[in-house]
Amino acid sequence: MKETKETADLNSVRASYDAVAVDYARLLGTELARRPLDRAMLAAFAEYVRGDGGGAARAVADLGCGPGRVTAHLGGLGVRAFGVDLSPAMVAVARRTYPGLRFEVGSMAALDVADAVLGGVLAWYATVHTPPGELPALFAEFARVLAPGGHLLIAFEAGDERVRLEHAYGRPVGLDVYRTPPELIADLLAGAGLEEIARQVRRPEGDEESPRAFLLARRCS
């Protein structure tokens with residue numbers, strides 16, 4: 001069977017993150033400790049999840065969870081979080097590091113989750129390798145699994161360009177990074193039935209090369 005471009009892109013993302021999993025976990029393991037605005041958005045998200053969408057009884061999916069550091073942070077904020085990642089190596093690192101949490105290998109474009117059961121969905125830079133034209137279908141999948149009143153927090157690189165990465169985290173990779181205007185993300189989420197509650201854009205910090213954006217939204221019905 002001929003490989004489609006979408007399949008080839010997914011395979012490249014999986015292979016790249018499999019290759020860097022251990023180094024990624026080592027280099028970014030304490031990053032949140034240096035990012036007060038990022039932690040503030042995660043805290044607000046957790047508070048909304050606990051108050052709406054079934055409260056803490058409903059689970060939160062951390063999509064593109066990588067080595068599990070943000071999944072664990074959410075657990076510390078009082079929500080019942082589990083992680084999903086395309087990379088088996090990333091999931092293996094997450095399971096070793098946080099054995100008390102659940103991590104699964106899977107695609108956020110086709111989640112093994114029933115309709116309308118989650119209290120929250122977190123996409124923490126999980127969509128940066130997704131071409132903008134594929135985002136509507138992805139956001140529809142996020143909305144599908146959220147219970148009415150459930151919340152989504154998406155973090156992404158703000159801008160309007162595609163950047164090719166051939167080297168990252170000390171390893172050769174093959175990744176396209178899409179920097180996206182916050183206005184476009186908000187419009188596409190609205191088209192999926194996810195109403196914007198708040199957004200934040202901060203300037204780059206440390207070795208970051210682009211502004212970072214965060215958008216909090218709610219599934220209305």
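This is a predicted model: local features need pLDDT of at least 70, side-chain atom pairs count only at pLDDT 80 or more; totals for chains, interfaces and linings use all residues.
Local features were taken at pLDDT of at least 70 and side-chain atom pairs only at pLDDT 80 or more, whereas totals for chains, interfaces and linings use all residues. Residues are numbered from 1 along each chain as its sequence is written, and side-chain values use heavy atoms, with hydrogens and water left out.

The protein chain contains 6 helices and 9 strands, these being DSSP runs (H or I of at least four residues for helices, E of at least two for strands) numbered from the N terminus. Of the 221 residues, 49% count as buried, where buried means under 20% relative accessible area, exposed over 50% and partly exposed in between, with a 1.4 Å probe and protein chains only. Among contacts (heavy atoms within 4.5 Å) between residues at least 6 apart in sequence, 67% join residues at least 24 apart.

Strand 6 (residues 161-168) runs antiparallel to strand 7, to which 7 bridges join it; pairing requires at least two DSSP bridges between two strands. The two strands form a hairpin with 2 residues between them, and Tyr-169 in the turn has a positive phi of about 55°. His-167 has Pro-172 of strand 7 as its bridge partner. Because 7 of the 9 residues of strand 7 (residues 171-179) are buried, this strand is largely enclosed by the rest of the structure.

In helix 5 (residues 135-145), the buried residues are Leu-135, Leu-138, Phe-139, Glu-141, Phe-142, Ala-143 and Val-145. The elements covering them include strand 1 (59-63), strand 4 (118-124), strand 5 (146-157) and helix 6 (182-191). Leu-135 also belongs to the lining of the largest cavity, together with residues including Phe-156, Tyr-178 and Ile-185; by class, this lining has 5 nonpolar, 3 polar and no charged residues.

Ala-114 lies in the loop between strand 3 (103-105) and strand 4 and is partly exposed, with a relative accessible area of 47%. Leaving aside neighbours within four places in sequence, Ala-114 is in contact with Arg-144 and Val-145. The C-alpha atoms of Ala-114 and Arg-144, 30 residues apart along the chain, are separated by 8.2 Å.

Definitions and conventions. On a 1 Å grid over the protein atoms alone, a cavity is a set of points where a 1.4 Å probe fits but cannot get out, and a pocket is an open set with protein on both sides within 12 Å along at least five of seven lines; lining residues have an atom within 4 Å of a point. Ala, Val, Leu, Ile, Met, Phe, Trp, Tyr, Cys and Pro count as nonpolar, Asp, Glu, Lys and Arg as charged, and the others, Gly among them, as polar.
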